[in-house]
Amino acid sequence: MSPRIYPLMWFLYEFLLVVGYLLYIPGAVWRRRLPHAGWTMRLGRYSPSIQGRLAGRTGLWVHAVSVGEALAARPIVRALAARYPRDVIVFSSITPGGFTVASQQASAQVIPIYWPLDLRPCLRRAFDALRPRALLLVEAEFWPLALYEAEKRGVPVAVVNGRTSARAFARHRRVQGWFAPTLRRVNRFLMQSEVDAERLRALGVPADRVRVVGNLKWDASAAARPDEEAVRTLAQRLRVNGREPVLVGGSTHRGEEALLLDTLQQVRAKRPGARLILAPRHLERVGEVQDLVRRAGLVGWRCSEALPQGGWDVGVVDTFGQLPLYYGLADIAVIGGSLIPHGGQNPLEAAVLEKPIVFGPFMHNFPEISCALTDEEAARQLRTPAELPAAVQA
């Protein structure tokens, strides 16, 4: 690529990011995702308390984009804190859900923050304040300007629990001439599978920087398994008797709750006592999901509130981090994000509880895991979302 074209593409990248952020803000405000308390941190500005804890100290920076990645990163954060007790461990995320997971690990040593926008002024302020001596990126967080800033400051970068989906690989191939230098700024890639590793090599990453180490989400999901007493206590509180089936839709997205409500109605034609628990992926949608339940003519309630006196048909999970506990009540677990072209959410939280699992045709975020589960007949994958009622009844 011509030396003149390369800086021009960097300028275009940053310009498009600014435009994208400006277009995103109105919709995020409308969906109540903005403003949130951590927005100033995305600009690389931190509270006096965080600055005080960082003053004069170096640290290790672990970044996980959202809930699933942050959950997978928790064992890494704990291990780093134990091995390097004098270091600050900065644990960053982008989404409010991911930040909540990071905040659950907060301690005198672990500081949760929001990841800065991939713009040079924001990144410079963040690196100046955090002064990391290493940066660990979880899964697929290849932010070009952040990697450039790390290289410029001599901060080594590793990708842990790395993956490269087929769609991401195709996108990166289209801009490989520009994107390959970004990947070469990463010192070590620790990948989930050989397929992920081979895709990186095809994108120009030197083979000696890539290793296959497996998927951390297996370990993280096993660690999050609720104990039996906690599940029994929840069953008593919800008056789940074990005789009537409970269907749990975990980490659902817009468009999936309606399919699950229709499925419940069809199941109830033969099993009138069947119930449904919905756990929306984004808690700001709880009110929206309750409206869907009401319009379906069913009795819904927020699971954090007192039970309706006349009983309930659909529970809506409105507290964060409780999904494994509700999976403990499930006779069948339906994995959210798989009935629409999102790519699926993590099925392992249900799998470690040995629950029958159903997911839709869109599981490209977890190709190896979903194939392993279906190969062992631990899960059933639908060809189309319309098959859901029949699959659940079967």
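Predicted model: local features only at pLDDT ≥ 70, side-chain atom pairs only at ≥ 80, totals over all residues.
How many cavities of 30 Å³ or more does the count come to? I got two.

**Cavities**

I took the largest cavity to begin with, and its volume is about 100 Å³. I then looked up its lining: 15 residues, and those closest to the centre are Arg-163, Gln-192, Asn-365, Pro-367 and Glu-368. Two elements give two or more residues to this lining, helix H10 (194-202) and helix H17 (367-375). H17 has the largest share, with three residues. I also sorted the lining by class and noted six charged, six polar and three nonpolar residues.

Next I turned to the second largest cavity, which holds about 40 Å³ of space. I listed its lining as Arg-239, Val-240, Asn-241, Glu-244, Pro-245, Val-246, Gly-273 and Arg-275. By class I have three nonpolar, three charged and two polar residues there.

**The sheet**

In what order do the seven strands of the open sheet run? I read it as E3-E2-E1-E4-E5-E6-E7, with parallel pairing. Strand E3 (110-114) and strand E7 (210-212) have a single partner strand each, so they stand at the edges and one side of each has no neighbour in the sheet.

I went through two of the pairings. Strand E1 (residues 59-63) runs parallel to strand E4 (residues 132-138), and five bridges join them. For Leu-60 I found Ala-134 as the bridge partner in E4. Helix H6 (residues 120-130) packs on this sheet, where it touches E1, strand E2 (88-93), E3 and E4. The direction of H6 makes about 135° with that of E1.

The other pairing I looked up is E2 with E3, also parallel, over five bridges. Here Ile-89 stands opposite Val-110 of E3.

Is E3 mostly covered or mostly open? Mostly covered: I find five of its five residues buried. In a regular strand the side chains alternate between the two faces of the sheet. I therefore went through E3 face by face: Val-110, Pro-112 and Tyr-114 are on one side, Ile-111 and Ile-113 on the other, and all are buried, so both faces are covered. I put this next to the edge position of E3, where one side of the strand is without a neighbour in the sheet.

**Positive phi**

Which residue in the loop between E4 and helix H7 (144-152) did I flag? That was Glu-139. Glu-139 has a positive phi of about 75°, although it is not a glycine. Its relative accessible area is 2%, so I call Glu-139 buried, the cut-off being under 20%.

Ser-251 went into the notebook as well, with a positive phi of about 55° and again no glycine. I place Ser-251 in strand E8 (residues 246-252). At a relative accessible area of 11%, Ser-251 also counts as buried.

**Val-175**

My last stop was Val-175, in the loop between helix H8 (166-174) and helix H9 (176-184). Is Val-175 buried, partly exposed or exposed? I have it as partly exposed, because its relative accessible area of 35% falls between the 20% and 50% cut-offs.

Terms used: Residues numbered from 1 in each chain as written. Heavy atoms only, no water. Pairing = 2+ DSSP bridges. Helix = DSSP H or I, 4+ residues; strand = E, 2+ residues; numbered from the N terminus. Contact = heavy atoms within 4.5 Å. Axes fitted to C-alpha atoms, helices over the stretch in contact; angles between N-to-C directions. Buried < 20%, exposed > 50% of the residue type's maximum accessible area, 1.4 Å probe, protein only. 1 Å grid on protein atoms, 1.4 Å probe; cavity = no way out; pocket = protein on both sides within 12 Å on 5 of 7 lines; lining within 4 Å. Points joined across faces, edges and corners; volume = space filled by probe spheres on them. Nonpolar A, V, L, I, M, F, W, Y, C, P; charged D, E, K, R; others polar.
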